[in-house]
Amino acid sequence: MTIFNKAYLTSVGLISVLGGIYMMFSPDVNTVILTFDVRPDDDDALAIFVRTMSGLFAAGGYILIRFVFSSSRVQLGTVLIYLVSFMLVGKFMGFIYEGIYNKDLIIFAIGFLTLTVIL
């Protein structure tokens, strides 16, 4: 892998990680990172979805950076652990900022069960 490829993939990974973490922990989900327009009068389900997707952005960026600097291949199980873990963090932050809804509790429980089984 050339130095240009490593630099490009690392920068994309860093942008994804930082953007995903910012979107998860920011009180306002309206940013330029993910182009959703969530208005205050909208249902909170869209904001919770955006936080969940930002968790996947952060996980994908981390996996990309790990791919660039790892001497061994990353196993599929490890990739799934990171994806589900970051998704659960994003879902949890949605609980804090947007509130708790029954369908989101079901999705969180399924995600947590999936993570438990993968581990």
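Patches are made of residues with over 30% relative accessible area and no salt bridge, like charges being joined within 9 Å and nonpolar side chains (Val, Leu, Ile, Met, Phe, Trp, Tyr) within 5 Å. A salt bridge is a side-chain nitrogen of Lys or Arg within 4 Å of a carboxyl oxygen of Asp or Glu. In this predicted model, local features need pLDDT of at least 70 and side-chain atom pairs count only at pLDDT 80 or more, while totals for chains, interfaces and linings use all residues. Residues are numbered from 1 along each chain as its sequence is written, and side-chain values use heavy atoms, with hydrogens and water left out.

The protein has 4 helices and 0 strands, in the order α-α-α-α (DSSP runs numbered from the N terminus: helices H or I, at least four residues; strands E, at least two). Of its 119 residues, 33% are buried (under 20% relative accessible area; exposed is over 50%, partly exposed in between; 1.4 Å probe, protein chains only). The accessible surface is about 7400 Å², 70% of it from carbon and sulfur atoms (Shrake-Rupley method, 1.4 Å probe; for residues, only the protein chains shown count as cover).

Ile3, Phe4 and Tyr8 form a nonpolar surface patch of about 410 Å². Ile3 belongs to helix α1, and Asp104 to helix α4.

Beyond its neighbours within four places in sequence, Asp104 is in contact (heavy atoms within 4.5 Å) with Ile48, Lys91 and Phe95.
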